[in-house]
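This report is an introduction for someone meeting the structure below. Short sections take up a few of its features in turn.

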Amino acid sequence: SRDMDDLDGCAKDGDSFPDVSPVVSAVRSERSLAPKVPAELVQGVPCRCLLAAAGRPFRRGKAASRHVRRCSRYNIFVSHDWQTSRWLKYASLLVLLNSRAAALATLVVSLALGLLVACEVLPNYSWLVSLGYLAFGIFFLFWQHIRDIFCTPKLAFLDKLCIPQDDEEVKEKCILGLAGFLKRSGKLVILFSESYIGRLWCIYEITAFMKMHSSQVHIDMQTVPVVLPLLILLHAAWWFAVRLLTFLIWQTSQSSSTMNVLAVVSVGLAVMFLITYPLQALIGRRLTKNLQSLSRQLRDFDIHESKCSCCSAGHEKPSGERIPCDRDLIYQTIADWYGKDADDLQGRLESFNQAVRTQFADRILSTWSEHSMPLAGFICTVFSMNTPFLIIRIPDAIWQAQQQPSAYLACMTAINMLIVGWGYIWPAMLFYLWACKAMWTLTLQHNRWPILIEVAAAAFVLLSWSIVAAACVFSVLFHTLAPLLVFVVVMALGLYLLRFFTLPKPCRKNTVEKPKAVVECGECAQVVRDDSSSFSI
């Protein structure tokens, strides 16, 4: 029997069949992909089920959810491949679905506790900061569960949960009617991994979604590289350690001079940075390489090079039973959607290739730059590592403001206290990420002296962060408005640099196709390209 590995075109565990890339014949299959699915088969799961048991639905093997329910529409359709780690998909969906709520909850809790301490309703204990981090952790992990208590659950389509696995006939209908599920979905979430673009069923899901929603002005697609949330969480852990270290050193060094405290903090941060930066750089370079490869793969796309498990297995199960060719179905459907009436099958498929290289590539890469990398998830997750310290900074700022003779000076004093004692970390976070991104790209381009480049990169990242932090802290010495002005300028500059100067430029030049020998595939009566190149990153 078929399992969900067949749906995304991935070979089963243990398969060692050579991957071949057939070109479909002009003979239509008796099976066909349908643009609609029977209403009685349309069922979804609440988004919280995607995050159940640390992403258990993304684990290989059969799974069922008691929360599956009939529905007419989906909020999101999750497109992914089964070769990618469940943990990466779980982290991706946590950042995508829960990070904004976690950031807002952390801010509200921190402001409320800070004001209660300032009004002397609560004692001014340093450990109250931990309540802010506790709020972030609870909402980051369980926001979808909390939301479903008070609101109508958001419904998602995940192949493994929403397509019945115990009835082969119904499962076949659902797989063949996959376009019908996509038509009922408001948003397509692409969990992009190193093997995603090379899977035939994954390409079909993108194609069907865009075709089913072609009449809409805005097609809601979001590409989330599964490595990105891992990098965001690593940066969040780094900044959590930074804030904790600086706070502990400052608290235990009250009797020392300011310069001595700064020296101890600087040394501690430098040591922590040298320990954690290599791991950040490793994951960051992988993310940068994946994005560059995604652009290149889209610009050089050829559907004949996509992989499908039925062809990889030689259209035969270990038991000897024949496996129908899914490639034939997808080729015929795409041929109906693309090309001119006078074109033959191969001409229509070439029209589809051109559409992927231009229209699809522009849309997928634009969704990456506008929604996924890196500002939304980065700001909500990483910035929240600084938010709980409002609990101890708000009382200090209010106390200093009360000592001023006028309302204007009181307001400016409170703002400056918050910037100097708390807010300066935010622009430092932005410049730190920008510097890291610049160095990741540089080290990928110049790897002749990797150790020297890594040392220079670490020094550049640490220096840029130190300059931004120092500018915000010491600007209070020059003018009352200086900290606020410096804060606004460096925040805007950091956002601008991240938005326009960190993303690899799409490669719009298509590579020249090399001549490829062809051989006959007797099992499916199709031509097989003799090409040993892999279409994965």
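How many bridges join strand E6 to E7?

## Strands E6 and E7

Strand E6 (residues 188–192) and E7 are joined by 5 bridges and run parallel. Two strands count as paired if DSSP finds at least two bridges between them. Across this pairing, Leu191 is placed opposite Val224 in E7. Together with helix H8 (residues 200–212), E6 and E7 make a right-handed β-α-β unit. Right-handed means that, with the strands pointing away from the viewer, the path from the first strand over the helix to the second runs clockwise.

Strand E7 (residues 221–225) is mostly covered, with 5 of its 5 residues buried. Buried stands for under 20% relative accessible area, exposed for over 50%, and partly exposed for the range in between (1.4 Å probe, protein chains only). In a regular strand, side chains alternate between the two faces of the sheet. In E7, Met221, Thr223 and Pro225 point one way, while Gln222 and Val224 point the other way, and all are buried.

## Basis of the model

This is a predicted model, in which local features need pLDDT of at least 70 and side-chain atom pairs count only at pLDDT 80 or more, while totals for chains, interfaces and linings use all residues. Residues are numbered from 1 along each chain as its sequence is written, and side-chain values use heavy atoms, with hydrogens and water left out.

## Salt bridges

Side chains of opposite charge can pair when their charged atoms come close. A salt bridge is taken as a side-chain nitrogen of Lys or Arg within 4 Å of a carboxyl oxygen of Asp or Glu. By this rule the structure has 4 salt bridges. One of them is between Arg48 and Asp148, whose closest N and O atoms are 2.5 Å apart. Arg48 lies in helix H2 (residues 47–50) and Asp148 in helix H4, so this pair ties together parts that are 100 residues apart in sequence. Both Arg48 and Asp148 are buried, with Asp148 at 14% relative accessibility. Asp148 also meets Arg147 in a salt bridge (3.9 Å, N to O), and Arg147 is buried at 17%.

Another salt bridge joins Lys171 and Glu168 (3.5 Å, N to O). These two are 3 residues apart in helix H6 (residues 168–176), which means that about one helical turn separates them. Lys171 is buried at 2% relative accessible area, whereas Glu168 is partly exposed at 35%.

## Cysteines

How many disulfides does the structure hold? The count is 0, where a disulfide is a pair of cysteine sulfur atoms within 2.5 Å. For Cys49, the closest cysteine sulfur is in Cys47, 8.9 Å away and too far for a bond. Cys49 is buried, with a relative accessible area of 6%, while Cys411 is partly exposed at 43%.

## A nonpolar surface patch

Tyr125, Trp127, Leu131, Leu134, Ile138, Leu141 and Phe142 form a nonpolar patch on the surface, with about 670 Å² of accessible area together. Patches are made of residues with over 30% relative accessible area and no salt bridge, joining like charges within 9 Å and nonpolar side chains (Val, Leu, Ile, Met, Phe, Trp, Tyr) within 5 Å. Accessible areas come from the Shrake-Rupley method with a 1.4 Å probe, and for residues only the protein chains shown count as cover. Tyr125 lies in the loop between helix H3 (86–118) and helix H4 (129–150), and Tyr125 is partly exposed at 44%.

Terms used. Helices (H or I, at least four residues) and strands (E, at least two) are DSSP runs, numbered from the N terminus.
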